[in-house]
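Hello,

Here is the structure I promised to pass on. Please open it first, then read my notes below.

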Amino acid sequence: MFDIDIWQEILATIKKNKMRTFLTGFSVAWGIFMLMILLGSGNGLSNGVAANFMNDAVNAMWIWNGETTIAYEGMKTGRPIRFQNQDQEIVSKVSGVGVSSGRYFMGNTRYSYGKESGEYTTITCQPALKDVENLILNEGRFVNQIDIIQNRKVVVIGTDIKTALFKDSTALGEYVNINMVPFKVVGICSEPGSTRNRNAYMPLSTAQMIFNGSNKIHNLALTINASTLEESQAIEEQIRTALGKQHKFDPKDEGAIGLYNKLENYIQTMKIFQAIKIFIWIIGVGTLIAGIVGVSNIMLIVVKERTKEIGIRKAIGASPSSVVGLILLESILITTIAGYIGLVLGTGLMEMVNYFMVQSAGPATDQSETIFLNPTVDINIAIYSTLLLIVAGAVAGYIPAKRAASIKPIVALRDE
Amino acid sequence: MIKLNNIHKSYEMGNNSLHVLKGIDLTIEQGDFVSIMGSSGSGKSTLLNILGMLDNYDKGTYHLAGNLIANMSEKKAAQYRNDMVGFVFQSFNLISFKNAMENVALPLYYKGVPRKKRNQIALEYLEKLGLKEWASHMPNEMSGGQKQRVAIARALISQPKIILADEPTGALDTATSYEVMDILKEINEAGITVIIVTHEHDIAAMTRQIIRLKDGQIHEIIRNGELKQFQKEYVKELETV
C-alpha cells in the first residue's frame, strides 16, 4: 500500500515532533558512527603492521653461522661453524623450504664509474634472494641462474648507487668498476620500506671466484612454506638437524647457527592483532547493541506517547494495520536516514584521517614505516550494521505498535 | 437503525467482575435525537461505546443499519466506524500536533481521499461551523468551544449516519454548551441520528428522547411529548436541591 499520502502523513508527524525524531536518529547515527571509527582504527592498525611485515617476504628465514656452545661428539665448545656452498643445497632439500639463496659478504666495496665513485655494500647472492627480500626491480633484471653458472660479471645496483654514479644518464648496460673489476649493470632495484637503497647485488659464484671467496658463504636466506607456528618451528628444527649433521654440532645448540624466522614473528604478531580485532569487534558490537537498545527504548516511549493518538485515529476509522504501518514506517525512515548519516560521517572521518596521513607522510609513504594504514571499514560491514539497526528499530517499534493497535480504541482513548 | 437486544457487558477488574450493562433492549430510529442519562456508573458511556463499536459486548445482539455488529475484525470495525459513525468526545480528542484543518480532514485520509481534496472539504466544514479563520491554528491555541466545534466538523466530514457524543458539553461553560447543542440540533435536523451521553438535565431536555439508565438497565424512556413533563420534574428536582 505505497502511496504518497502515507509519506506525507509521516513527514508531517516527523516535522511536528522534532525532538523525538532527533533522539531516535541520534542514537542510531551515533552507534553507526562509533562502530565505523572503531573498526576503521582497528583495520588501520592491523593494515599498518601487516604492511611493515611485507617489506620482506613474510615467510622469510635467515640463517647465519656462529660458534658451538655445546660439546658434541668429542669436540669442545667454541668451534666456529663455516657455511659452504653445499650447505645451501642441504637446506634447500629440507621439506617445507621454498626458495633459498646463499650469501657471501664482501665488506665495503668501492664502486666507480667515470669520475664518480663511492663505497657501497655488495651482497652476493643467488636469484632467490629477490623473493626472500621482496626486492623491487625498477629497471632491467635481477641476478639469474645463467649468471651463477657462467660466473658472469654482472651487478644489480640500488637506486641510490645509480643516482650517485650515473646521475641522470642510463646505467643499464654500462660497466662499473667494483674494487677495480669491471661489472656490467643489468638491473636497478630498491628495497620496500626503506629510504636507503645503497646495496648492490652480484652473483654469488662470480664474487667467490673474483674476490677469493672460494666456496665460503656467510649466511643463507630462504623462504619456508608453513601456515602455522608449529609447522614453521618443525621446519626450523629440520634445518638445524640437517646442518648439525653436516657440520657436526648438536641440533639443540642455539649458538652454532643463528636463525631468524620471520614467519614465527609474523604469526605471533598477527595473533596479537587477531585478539585486538576481536576486542574491537566486541566493543563495536557493544556499541551497536547500545544503539539498538536506544532505538528500542525510544520506540517504546514513542508508542506509549502516541497511545491516545492511536485511539483517536482508530475511533475515526484507522485500521490496525494502518496504525502499525504509520509507526513502523516512521521509525524505519528515521533510522535509515540517521544510519546513513552516521555511516557517511564515520567513514568520512576515517577517510579524512587517511588523507591527512598520506599527506603528512609525503611522497615517501610507501617507503616509510607506518603503524596506521588505510583505516577504512569494509563497506559491506558498514551497510550490514546499518541494516541491523534499522531492523532492530523496526522490530522494537513493531511489538508495541502492534499491541497499541490491537487494544480497543476506548482503552487507548482513556489513556492520558 | 439501531437495534439492541438484551445487551450485557461486564468488565474484569482484577478478580472482580463488574457487571455494567444488564440486558439493554433499545431501538433508535434514523433521525432520532437521543440523550442517554444516568448517574455515574450507570453504564451510559459503556452503552455509547458499544453503539460506536469502540467496545464490544458480552451477550445479546446489536444491529446497526441491518448489520449484526458482533465479533468483527478490527479492520472491519474500523471501516464501519469510518463509514457510519462520527464521534464527539468530552475531552475533544484532537490530535495535538495537527492543525484544525488537518484534524478535520483525518477521517477522509482513512477513506483514501487525496490530500488536497480532503483539506478543501475540511475547510468547507470548518466554514459551516464558523471556524474558517482558525483552520491553521493548533488545538492548544483554541478555546474549548472552538475545539469542540472542530471535533464536530471532524465527526461530520465522513458524512456518518450517526453522531455519538460522549458528554459533548462536559468541559464547556453554559453559553458554549448551548452553542454546541444548537449545532447538534442542526445536524439532527439534516437527518443524522444524534446520540449524546450527558448528566446535565438542561442539555438532555434539548433532545427529543431521553433514555435514563439505572444500574445497567433502562430505567425509563422519556419521549417527545413527555419532555415538557420531564422539564417540570427537572425544575422540581432543582428546587428540592
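Start with two terms: strands (E, at least two residues) and helices (H or I, at least four) are DSSP runs, numbered from the N terminus, and two strands pair if DSSP finds at least two bridges between them. This is a predicted model, where local features need pLDDT of at least 70, side-chain atom pairs count only at pLDDT 80 or more, and totals for chains, interfaces and linings use all residues. Residues are numbered from 1 along each chain as its sequence is written, while chains are lettered from A and ligands numbered from 1 in the order in which they are written.

**The sheet**

In β9(B), B:Q209 is the bridge partner of B:V34. Strands β3 (33-38) and β9 (209-214) of chain B run parallel and share five bridges. Both belong to an open, mixed sheet of six strands in chain B, ordered β6-β7-β8-β3-β9-β10.

Contact means C-beta atoms, placed from the backbone, within 7 Å.

**Where the chains meet**

In chain B, 20 residues are in contact with 22 residues of chain A. On the chain B side, α2 (74-84) and α3 (100-109) of chain B each give two or more residues. α2(B) gives the most, with six residues.

Best wishes

Note on methods: Contact = placed C-beta atoms within 7 Å.
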